[in-house]
Amino acid sequence: MAERLARRGFYIPSGLALTEAQMEEAAEAVKEMMKVSS
């Protein structure tokens, strides 16, 4: 799966400036993507 994600360009926001809400939004997006992929 990691290779497939890398080929498609899987990037999530990161950095010290992210708010808690932005981190939660990114985590939810990853969870939804994982549901669709499986």
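So, K35: with a relative accessibility of 56%, this lysine counts as exposed, where exposed means over 50% relative accessible area, buried under 20%, and partly exposed in between (1.4 Å probe, protein chains only). Before I go on, this is a predicted model, so local features need pLDDT of at least 70 and side-chain atom pairs count only at pLDDT 80 or more, while totals for chains, interfaces and linings use all residues. Residues are numbered from 1 along each chain as its sequence is written, and side-chain values use heavy atoms, with hydrogens and water left out.

Okay, who does K35 pair with? That's E32: their side chains form a salt bridge at 3.2 Å, N to O, a salt bridge being a side-chain nitrogen of Lys or Arg within 4 Å of a carboxyl oxygen of Asp or Glu. K35 and E32 sit three residues apart in helix α2, so about one helical turn separates them. E32 itself is partly exposed, at 42%.

By that rule we get two salt bridges. The other one joins E28 and K31, at 3.3 Å, N to O. Again it's three residues apart in helix α2, residues 20–37, so about one helical turn. E28 is partly exposed at 42% relative accessible area, and K31 is partly exposed too, at 47%.

Now the whole chain. It has two helices and zero strands; those are DSSP runs numbered from the N terminus, helices being H or I with at least four residues, strands E with at least two. Of the 38 residues, 5% are buried. The chain exposes about 3500 Å², and carbon and sulfur atoms supply 59% of that, by the Shrake-Rupley method with a 1.4 Å probe.
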